[in-house]
Each structure stands twice: as structure tokens, then as C-alpha cells.
Amino acid sequence: MIFLKSSYTGTWEQFVHRLNALFKRFDFSNSFIESELKRGDDYMVSKTQSKSILAHMKQMVIQLEFDCSRFDNYEVTSRPVR
């Protein structure tokens with residue numbers, strides 16, 4: 001995902017609330033939403049000005065967009081690709 005600069009404002013709880021709303025807007029199941037949001041419980045969020053970290057994150061976004069484009073919908077993205 002690419003976040004606009006305004007998306008960085010607010011607390012982690014506000015971010016989780018907005019992410020939950022986004023998942024619901026795209027009709028993800030409640031069980032999927034809960035399992036995905038629980039994955040973030042062990043992560044720490046911080047800011048960085050490191051160009052190598054930012055470049056790595058940008059590359060992950062590009063790779064994720066490519067990988068997701070290979071599936072008909074997001075529900076099947078956890079299945080192995082043949």
C-alpha cells in the first residue's frame with residue numbers, strides 16, 4: 001500500500017480503525033480482518049529518514065502490487081501460486 005502523507009498523522013489505534021474500515025469497504029470477511037489485524041500486534045511503528053530503508057519499503061510496495069495483480073481477488077492471495 002502507498003500511504004499519503006496525511007495518513008501518517010494520528011495514533012496506532014486510529015490507523016487500525018481506518019484499516020478495519022478499508023477492509024470492510026472492500027467486503028473482506030470479519031474473520032479475515034481479525035486475523036490480519038492481529039498480525040500487527042507484535043510490530044513497532046516509527047519514522048525514518050534513512051534512504052535505504054525507504055527504498056526497501058518502496059520495493060516491497062512494488063513487489064506486493066505485482067504479486068497481488070496475479071490473483072483474481074485478495075481472498076486467494078494466501079494460496080500458493082502455481
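Helix H1 (residues 12-25) contains 14 residues and spans 20 Å from its first C-alpha to its last, close to the 20 Å expected at 1.5 Å a residue; the expected span of a helix is taken as 1.5 Å times one less than its number of residues. The structure is a predicted model, in which local features need pLDDT of at least 70 and side-chain atom pairs count only at pLDDT 80 or more, while totals for chains, interfaces and linings use all residues. Residues are numbered from 1 along each chain as its sequence is written, and side-chain values use heavy atoms, with hydrogens and water left out.

The protein has three helices and zero strands, where helices (H or I, at least four residues) and strands (E, at least two) are DSSP runs numbered from the N terminus. The order of the elements from the N terminus on is α-α-α. Of the 82 residues of the protein, 10% are buried; buried means under 20% relative accessible area, exposed over 50%, and partly exposed in between (1.4 Å probe, protein chains only). The protein exposes about 7600 Å², of which carbon and sulfur atoms supply 57%. Accessible areas were computed by the Shrake-Rupley method with a 1.4 Å probe, and for residues only the protein chains shown count as cover. Contacts are defined by heavy atoms within 4.5 Å. Among contacts between residues at least 6 apart in sequence, 35% join residues at least 24 apart.

Asp-27 lies in the loop between H1 and helix H2 (30-38). Just after H1, this residue takes a positive phi of about 60°, although Asp-27 is not a glycine. Asp-27 has a relative accessible area of 67% and is therefore exposed.

A search of the whole structure finds three aromatic pairs. Rings of Phe, Tyr and Trp (its six-membered ring) pair if their centres lie within 6.5 Å; planes under 30 degrees apart count as stacked, over 60 as edge-to-face and the rest as tilted. One of the pairs is formed by Phe-23 and Phe-28, which are edge-to-face at 5.2 Å centre to centre, with 70° between the planes. The ring centres of Phe-23 and Phe-32 are 5.9 Å apart and their planes stand at 80°, so this pair is edge-to-face. Ring pairs link Phe-23, Phe-28 and Phe-32 into a cluster. Phe-23 counts as buried because its relative accessibility is 11%, and Phe-28 is buried at a relative accessible area of 13%. Phe-32, like Phe-23, is buried.

The count of salt bridges comes to one, a salt bridge being a side-chain nitrogen of Lys or Arg within 4 Å of a carboxyl oxygen of Asp or Glu. Glu-36 forms a salt bridge with Arg-39, and the closest N and O atoms are 3.2 Å apart. Glu-36 has a relative accessible area of 28% and is therefore partly exposed, whereas Arg-39, at 54% relative accessibility, counts as exposed.

Ile-53, Leu-54, Met-57 and Met-60 make a nonpolar surface patch of about 360 Å². Patches are made of residues with over 30% relative accessible area and no salt bridge; like charges are joined within 9 Å and nonpolar side chains (Val, Leu, Ile, Met, Phe, Trp, Tyr) within 5 Å. Within this group, Met-60 is placed in helix H3 (residues 51-69). Met-60 counts as partly exposed, because its relative accessibility is 47%.
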